[in-house]
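The sequence and the structure come first.

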Amino acid sequence: MNKEYCIAVVGALGAVGSEMIRKLEESSLLIKKLVPLDVKEAVGKEVTFRSSSYKVSEAKAGAFEGVDFAIFSAGAEASSILAPIAVKEGAVVVDNSSQWRMDPSVPLVIPEVNPESLKDHKGIIANPNCSTIQMLVALKPIHDTYSIKRVVVATYQAVSGSGNAAIRELQEQSKDVLEKKETTSHVYPHQIAFNVIPQIDIFLENGYTKEEMKMVHETHKILDKNILVSPTAVRVPVVRSHSEAIMLELNNPYELHEVRDLLSSAQGVVVVDNVDTLSYPMPIDAQGKNEVFVGRIRRDESVVNGLSLFVVSDNLLKGAALNAVQIVEKMVEMKIPLL
């Protein structure tokens, strides 16, 4: 008989947590019980899952007894405290924060890219950064075939990556601008409505932001430590779905039709690439969809074996909630022992 699982979602009422529950509902996983967990103030609120209602409990010690998988989207600070508690109480943690990503003892996993890393888990598995996930899903088949030497990437990241407060800020500022009123900024250091901000997270000593260096370090850990990565992360006035302009320098020559065929057959990738019909990936079309969309596939003629792509994906789904649920599905599929 196939095992039925008890799955907890920490941060169940947040933007990503809500999507995690929705993706679990759509999953083929046999789930006997959902345990929605959140902050103390949310206790007693109800979550509907597969026609049953579950009351939110406080995420704290004792909440993970009997839980098989605990999927976290509660931020790094909460994860640093609660993830080890969950593991001690018997749950495998899939964490969406940055807390455990670069811990050498914690697998950092994209199921389409490095599922074999799941076998090395010691109770905690890290979900990569949203921008890294969509980029590497697109780059994995290219790297396997032609070997990537260098990546130059500019991201155009939606405000939902900063949470519900950022969505409200964009909406309120847009209204103020259209009504010719003065705007106020709380989430971002500058007005985001009708603007782009070339800063995501804090600046580091090397002049890059923390978000940018996440893409560098995570690419090295997940795909290949020898790939050179130069990112620029930009916040744009889009509610949902991140976009990326990616320029590659490959170690080996390629044919464009071969690259298109590779991407068209890659797991989790949809090619949208027809300039005659003005078909290319856009955030508005990716919203609510599970796949990573790739288009504007063309030679970068400024460098030998250069290749340019435009990649779009829903940051709350494949960039966060969906990838976490897919990690659980992959562990079950590969029959990897939990603890």
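Which residues in α3 meet which residues in α8? C130, I133 and V137 in α3 meet K318, G319 and N323 in α8, where contact means heavy atoms within 4.5 Å. The residues of this contact of α3 with α8 divide into 3 nonpolar, 2 polar and 1 charged. Here Ala, Val, Leu, Ile, Met, Phe, Trp, Tyr, Cys and Pro count as nonpolar, Asp, Glu, Lys and Arg as charged, and the others, Gly among them, as polar.

The model is predicted: local features need pLDDT of at least 70, side-chain atom pairs count only at pLDDT 80 or more, and totals for chains, interfaces and linings use all residues. Residues are numbered from 1 along each chain as its sequence is written, and side-chain values use heavy atoms, with hydrogens and water left out.

**Helix pair.** Helix α3 spans residues 130–146 and helix α8 residues 317–333. Helices (H or I, at least four residues) and strands (E, at least two) are DSSP runs, numbered from the N terminus. The axes of α3 and α8 are 8 Å apart, at an angle of about 85°. Axes are lines fitted to C-alpha atoms, for helices over the stretch in contact, and angles run from 0 to 180 degrees between N-to-C directions. The two helices are therefore roughly perpendicular, a class that covers 65 to 115 degrees.

**Sheet.** An open sheet of 6 strands has the order β5-β2-β1-β6-β7-β8, with parallel pairing. Two strands pair if DSSP finds at least two bridges between them. β5 (57–58) and β8 (124–126) stand at the edges with a single partner strand each, so one side of each lacks a neighbour in the sheet. Helix α8 packs on the sheet and touches β1, β6, β7 and β8. Its direction makes about 160° with that of β6.

| β1 and β2, parallel | 6 bridges | Y5 with I31 |

**Burial.** In β1, 6 of 6 residues are buried, meaning under 20% relative accessible area (1.4 Å probe, protein chains only). Y5, I7 and V9 lie on one side, and C6, A8 and V10 on the other. C6 has a relative accessible area of 4%. C130 also counts as buried, at 15%.

**Cysteines and H242.** The disulfide count is 0, with a disulfide taken as a pair of cysteine sulfur atoms within 2.5 Å. H242 sits in strand β11 (residues 242–250). H242 is buried at 1% relative accessible area. Its contacts include C130, S131, Y156, R235 and N315.

Terms used: Buried means under 20% relative accessible area, exposed over 50%, partly exposed in between (1.4 Å probe, protein chains only). Angles under 35 degrees count as roughly parallel, over 145 as roughly antiparallel, 65 to 115 as roughly perpendicular and the rest as oblique. Lists of a residue's contacts leave out its neighbours within four places in sequence.
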